[in-house]
Amino acid sequence: MSQGEKITVENGKMNVPNHAIIPFIEGDGTGPDIWAAASRVLQAAVDKAYNGEKSIVWKEVLAGQKAYDKTGEWLPEETLDTIREYKIAIKGPLTTPIGGGIRSLNVALRQELDLFTCLRPVKHFTGVPSPVKKPEDVDMQIFRENTEDIYAGIEWQEGTDEVKKVVDFVQNKMGVKKIRFPETSGIGIKPVSKEGTERLVRSAIEYALNEGKKSVTLVHKGNIMKFTEGAFKAWGYDLAEREYGDKVFTWKEYDQIVEEKGREAADQAQNEAEEAGKIIVKDAIADIFLQQILTRPKEFDVVATMNLNGDYISDALAAQVGGIGIAPGANINYETGHAIFEATHGTAPKYAGQDKVNPSSVILSGTLMLDHLGWREASELIHKAMDKTIESKVVTYDFARLMDGATQVKCSEFGDELIKNMD
Ligand SMILES: NC(=O)C1=CN([C@@H]2O[C@H](COP(=O)(O)OP(=O)(O)OC[C@H]3O[C@@H](n4cnc5c(N)ncnc54)[C@H](OP(=O)(O)O)[C@@H]3O)[C@@H](O)[C@H]2O)C=CC1
Ligand SMILES: O=C(O)CCC(=O)C(=O)O
Ligand SMILES: [Mg+2]
């Protein structure tokens, strides 16, 4: 067995050795079951695709309950250092207690490594049961800002000295009169920056250009949160026009044409831009967007949004294509090359240790990782095996309960089936 070598990044270019060491976090709850199946499937695909010329050399790093039990720390510095050093990692879900206790380790990993884009592709696999009539119309890439917004975790608990100071400052120094119940409020702060917005929107536009997508939609609640979500929209449009002026047509331009020449001229300008292969950069307010992804999903391609919106949108869209059991993701810093691949779902604690849940989300996150490494042949093997396995109706409980004539298998057995179907 090869000892493996490190992935390195030089001048923005990633060098991937044939036997690449990849750190992994097993995860809490159902994480160990899922990871056992997923790691086998990923390794088998690489072995099969490259006849042993390439391999993944897994290196476990600790986080969550396992880390706490072994080291007394939830997210040891060594884990962060190792991921920084080895550049790429993959993880199972980690538990976050509600209303108190430690802050999210998942969010901490993204923030510590400055993984500013959470990319969550959502598409339908033929045969996967879905609550909508045409799940195949959904083919979207969510670019969720991953380092700021409410997820920065800047908040103060009701009744504490700290929150009293904040309320006092806001009321007496800033003249705010609108805190409805100042004595009993918890307070949170929502930072949204120009830099954070620009690097996220840039990554979404770059993706759209490279992958031949038709549109990028900025999703925000800028009518209500004017200087955070509204600014996100404005900065997004400005960036698109400033850096990609000849490659995009924005709805900001459209509105200007409406004002100067009327709607017909604006429609014509947009049609011409589409015909010329330009990317349409548009925006939607988050509430109506959640309706439109259900009623008119074909109109959306790449979606760029802030952290909280992106979290909600990911789970909502996942439902349309069969649920959270088949919803992959990647946290990426396109500037440093660091990335951590992980499912959209959480630890599903009620199924922990039952070898029951669907490992597809982590497996497909692994295929995003393989694509990122340039090991596309292995990724394709998994996609084909996934198609074949689902088509044969051999599925885990989540799909089986919605499918007629399905054979329900365990998490590990689904992994076995994928490996068997790699040809
Ligand atoms: N990135 C991360 O690590 C994330 C961590 N979390 C954390 O996970 C914990 C639990 O969160 P919760 O809100 O319950 O959300 P979960 O995503 O963990 O689970 C909710 C439900 O989704 C379904 N589900 C989840 N995973 C799978 C799977 N692999 N296969 C099939 N179905 C699945 C199950 O549905 P059903 O009951 O219908 O069978 C499950 O009960 C929390 O501590 C939360 O903070 C949450 C999201 C992301
Ligand atoms: O960190 C958590 O516990 C939840 C995060 C989450 O839901 C997500 O990133 O999608
Ligand atoms: Mg979530």
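The model is a predicted one: local features need pLDDT of at least 70, side-chain atom pairs count only at pLDDT 80 or more, and totals for chains, interfaces and linings use all residues. Residues are numbered from 1 along each chain as its sequence is written, while chains are lettered from A and ligands numbered from 1 in the order in which they are written.

Let us begin with the sheet. Helices (H or I, at least four residues) and strands (E, at least two) are DSSP runs numbered from the N terminus, and two strands pair if DSSP finds at least two bridges between them. Eleven strands form an open sheet of mixed pairing, in the order β4-β3-β5-β15-β14-β6-β7-β13-β10-β12-β11. At the edges stand β4 (55-60) and β11 (248-250); each has a single partner strand, so one side of each is left without a neighbour in the sheet. On average, and with direction ignored, neighbouring strands of this sheet are turned by 25° against each other. Axes here are lines fitted to C-alpha atoms, for helices over the stretch in contact, and angles run from 0 to 180 degrees between N-to-C directions.

Of the seven residues of β3 (residues 19-25), five are buried, where buried means 20 or more other C-beta atoms within 10 Å of the residue's own, exposed means 12 or fewer, and partly exposed is in between, with C-beta atoms placed from the backbone.

How is strand β7 (residues 139-145) placed, enclosed or open? Six of its seven residues are buried, so β7 is largely enclosed by the rest of the structure. β7 pairs with β6 (residues 117-123) in the antiparallel sense over seven bridges, and arginine 144 of β7 is the bridge partner of cysteine 118. With β13 (residues 302-305), β7 pairs in the parallel sense over four bridges; here phenylalanine 143 has alanine 304 of β13 as its bridge partner.

The loop between β6 and β7 contains valine 132. Valine 132 is partly exposed, with 16 other C-beta atoms within 10 Å. Valine 132 and threonine 295 are 163 residues apart in sequence, yet their C-alpha atoms are 9.4 Å apart in space.

I turn to the helices. Helix α10 (residues 286-295) packs against helix α11 (residues 307-320) at an angle of about 15°, with the axes 11 Å apart. That makes the two helices, α10 and α11, roughly parallel, a term for angles under 35 degrees.

Finally, the ligands. Ligand 1 is surrounded by 18 residues, the closest being Pro93, Thr96, Gly325, Gly346 and Asn358; a residue counts if its C-beta atom, placed from the backbone, lies within 6 Å. Around ligand 2 are Thr96, Ser104, Asn106, Val107, Asp311, Ser314, Thr344 and Gly346. The elements giving two or more residues to that shell around ligand 2 are α4 (105-112) and α11.

How values were computed. Angles under 35 degrees count as roughly parallel, over 145 as roughly antiparallel, 65 to 115 as roughly perpendicular and the rest as oblique.
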